Amino acid sequence: MKKSVLFFDIDGTLLSEKTGKIPESAVQALHEARRRGHMLFINTGRTKCSVPDEIRSYPFDGFLCGCGTGIYCHGEELFTSSLPRERGRELIAMAKACGIGAVAEGQEDIYFPEKPGRFKVLEMMREHFKTRRMGIEHTLESGGFVYDKLFVFADEQSRMQRFLDFVDEDMEAMDRGDGAWEIIQKGYSKATACRFILDRFGFAMDQAYVFGDSSNDLAMFEFADHAVAMGCHDPVLDPHAEYVTAEVEQDGIARALEHYGLI
């Protein structure tokens with residue numbers, strides 16, 4: 001069998017958002033794919049530090065993090081790109097001036113506002129990462145860190161357009177719905193991460209398969225010939241999905257790998 005390279009999103013793709021676990025069928029499928037010689041990579045918007053332990057314990061060859069800003073393979077750091085410290089501070093200051101809730105995502109930690117605010121999802125994130133002993137060493141306002149990207153929250157009190165205009169110089173804003181936006185460095189995406197790995201290991205385009213469910217998977221869906229959407233997915237992926245599999249909890253990953261004869 002021709003060896004392939006497989007790129008997986010995490011949340012809603014490998015990791016069930018209902019159970020918080022990887023289905024056993026997906027675990028077995030990953031092991032079988034690895035046994036057959038395929039390379040397996042996580043390709044996520046999460047930065048390195050926030051990849052869940054549940055994911056780290058499985059047989060991945062590497063982790064493509066922060067929408068292409070951190071690339072790690074077989075325990076080696078191959079590429080990273082963080083925002084210049086001064087620019088990073090400017091973005092945080094503007095978010096505050098525009099009444100926007102912001103979380104800074106770095107390779108080593110996550111950075112939250114010093115005081116709780118009105119954005120419930122942000123506060124839920126804070127509590128989640130606190131259980132992992134993250135997001136507590138430095139506050140967003142402290143300035144004692146560098147980071148790769150932002151996740152921001154806006155409501156009717158926010159001046160979101162002013163913020164979008166300010167970041168447009170060097171950042172791309174991705175609307176995640178319900179007032180949430182992912183703010184990533186221009187020139188980097190899940191697609192650039194895929195391209196890096198294909199070039200590094202000499203894979204052709206027809207050897208690459210991507211698996212995802214949300215709008216931040218769009219770049220890699222546009223990039224790859226073989227794009228697999230989970231049964232529950234954002235409709236923005238539909239024009240680029242070659243195959244729609246079942247939901248995560250309904251053995252979606254295993255079914256997709258079987259469909260393509262990868263296992």
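Guide: A salt bridge is a side-chain nitrogen of Lys or Arg within 4 Å of a carboxyl oxygen of Asp or Glu. Please note also that this is a predicted model.

Visitor: How many salt bridges does the structure hold?

Guide: There are 18 salt bridges in the structure. One of them joins Lys149 to Glu105, with 2.9 Å between the closest N and O atoms.

Visitor: Which parts does that pair tie together?

Guide: Lys149 belongs to strand β8 and Glu105 to strand β6, so the pair links parts that lie 44 residues apart in sequence.

Visitor: Now the sheet. What is the order of its strands?

Guide: The sheet is open and has eight strands, in the order β5-β4-β3-β2-β1-β11-β12-β13, and the pairing is mixed. At the edges are β5 (76-80) and β13 (243-244), each of which pairs on one side only.

Visitor: In which sense do β3 and β4 pair?

Guide: Strand β3, residues 62-65, and strand β4, residues 70-73, pair in the antiparallel sense, over four bridges. Gly62 stands opposite Cys73 in β4.

Visitor: And which helix packs on the sheet?

Guide: Helix α6 (residues 190-201) packs there, touching β1 (5-8), β2 (39-43), β3, β4, β5 and β11 (208-212). The direction of α6 makes about 155 degrees with that of β2.

Visitor: Changing topic: how much space lies in the largest pocket?

Guide: The largest pocket holds about 1400 Å³ of space. It is lined by 47 residues, and those closest to its centre are Asp11, Glu17, Arg46, Phe151 and Arg176.

Visitor: Which elements give two or more residues to that lining?

Guide: They are α2 (53-56), α4 (120-130), β8 (149-153), β9 (171-177) and β10 (180-185). The largest share, six residues, comes from α4.

Visitor: How does the lining of the largest pocket divide by class?

Guide: It has 19 charged, 15 nonpolar and 13 polar residues.

Visitor: What about the second largest pocket: how much space is there?

Guide: The second largest pocket contains about 360 Å³ of space. Its lining has 20 residues, with Lys96, Ile100, Gly101, Pro113 and Glu141 nearest the centre.

Visitor: Which element gives the most to this lining?

Guide: That is α3, with five residues. At least two residues each are supplied by α3 (85-97), β6 (101-105) and α4.

Visitor: And the classes in the second largest pocket, how many of each?

Guide: The lining of the second largest pocket comprises 10 nonpolar, seven charged and three polar residues.

Note on methods: Residues numbered from 1 in each chain as written. Predicted model: local features only at pLDDT ≥ 70, side-chain atom pairs only at ≥ 80, totals over all residues. Heavy atoms only, no water. Pairing = 2+ DSSP bridges. Contact = heavy atoms within 4.5 Å. Axes fitted to C-alpha atoms, helices over the stretch in contact; angles between N-to-C directions. 1 Å grid on protein atoms, 1.4 Å probe; cavity = no way out; pocket = protein on both sides within 12 Å on 5 of 7 lines; lining within 4 Å. Points joined across faces, edges and corners; volume = space filled by probe spheres on them. Nonpolar A, V, L, I, M, F, W, Y, C, P; charged D, E, K, R; others polar.
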